[in-house]
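Please keep the viewer open as you read.

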Amino acid sequence: MSNPTNFWSGIGNIGKDLELRQTTSGRAVTSFSIACDRYRKDADGNQIKDVDWINIVAWGRLAEVCSEKLSKGRAVAVQGRLNMRSYNDAEGKTHRTAEIVAD
């Protein structure tokens, strides 16, 4: 049995300008969302466009390059891996989120 592969690829438009940050250890990180269009037909056969927002995170030198080159509204192709993580909000409630770690 082979190892499963965690690979994601998509094309979309960037929803807002990127903001480059540094972790406490000094590692560069940026995150952004892309809008990916998806089409389907309703019961009458009319085409309907849906939009899926995909969260993307980039680390290290890739984060720096993304922050320099990418901006709101620009089309971008992203490849990476799906990452599930959890975090606590200000009230202490735990949330789970999915994001693509770009490579």
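## Ground rules

Throughout this report, buried means under 20% relative accessible area, exposed means over 50%, and partly exposed lies in between (1.4 Å probe, protein chains only). By that scale, arginine 85 is partly exposed at 36%.

The model is predicted, so local features need pLDDT of at least 70 and side-chain atom pairs count only at pLDDT 80 or more, while totals for chains, interfaces and linings use all residues. Residues are numbered from 1 along each chain as its sequence is written, and side-chain values use heavy atoms, with hydrogens and water left out.

## Salt bridges at a glance

How many salt bridges does a search of the whole structure find? The search turns up seven, where a salt bridge is a side-chain nitrogen of Lys or Arg within 4 Å of a carboxyl oxygen of Asp or Glu. Helices (H or I, at least four residues) and strands (E, at least two) are DSSP runs, numbered from the N terminus.

## Arginine 85 and glutamate 99

Arginine 85 meets glutamate 99 in a salt bridge, with 3.1 Å from N to O. The pair links distant parts of the chain, 14 residues apart: arginine 85 sits in strand E5 (residues 75–88) and glutamate 99 in strand E6 (residues 94–102). Glutamate 99 counts as buried, at 12% relative accessibility, whereas arginine 85 is partly exposed.

Strands E3 and E4 run antiparallel and are joined by 13 bridges; two strands pair if DSSP finds at least two bridges between them. They form a hairpin with five residues between them, and glycine 45 in the turn has a positive phi of about 85°. Within this pairing, alanine 35 stands opposite tryptophan 53 in E4. E4 also pairs with E6, in the parallel sense, over two bridges, and there isoleucine 56 stands opposite isoleucine 100 in E6.

Now for the charges on this hairpin. Aspartate 52 forms a salt bridge with arginine 38, their closest N and O atoms being 2.8 Å apart. Aspartate 52 lies in strand E4 (residues 47–59) and arginine 38 in strand E3 (residues 28–41), so the pair ties together parts that are 14 residues apart in sequence. Aspartate 52 is partly exposed at 28% relative accessibility, and arginine 38 is partly exposed at 39%. Through shared partners, salt bridges join Arg38, Arg40, Asp50 and Asp52 into one network.

Is aspartate 50 buried or exposed? With a relative accessible area of 18%, aspartate 50 is buried; its place is in strand E4. A polar contact of 2.6 Å joins its side chain to that of arginine 40. (A polar contact is a pair of N or O atoms within 3.5 Å; within protein, one must be able to donate a hydrogen and the other to accept it, and residues adjacent in sequence count only if both atoms are side-chain atoms.) Leaving aside neighbours within four places in sequence, aspartate 50 is in contact (heavy atoms within 4.5 Å) with Cys36, Asp37, Arg38 and Arg40.

## Helix H1

In helix H1 (residues 60–69), arginine 61 and glutamate 64 are three residues apart, or about one helical turn. Their side chains meet in a salt bridge of 3.0 Å, N to O. Arginine 61 is exposed at 52%, while glutamate 64 is partly exposed at 28%.

Glutamate 68 also has its place in helix H1, and is exposed, with a relative accessible area of 55%.
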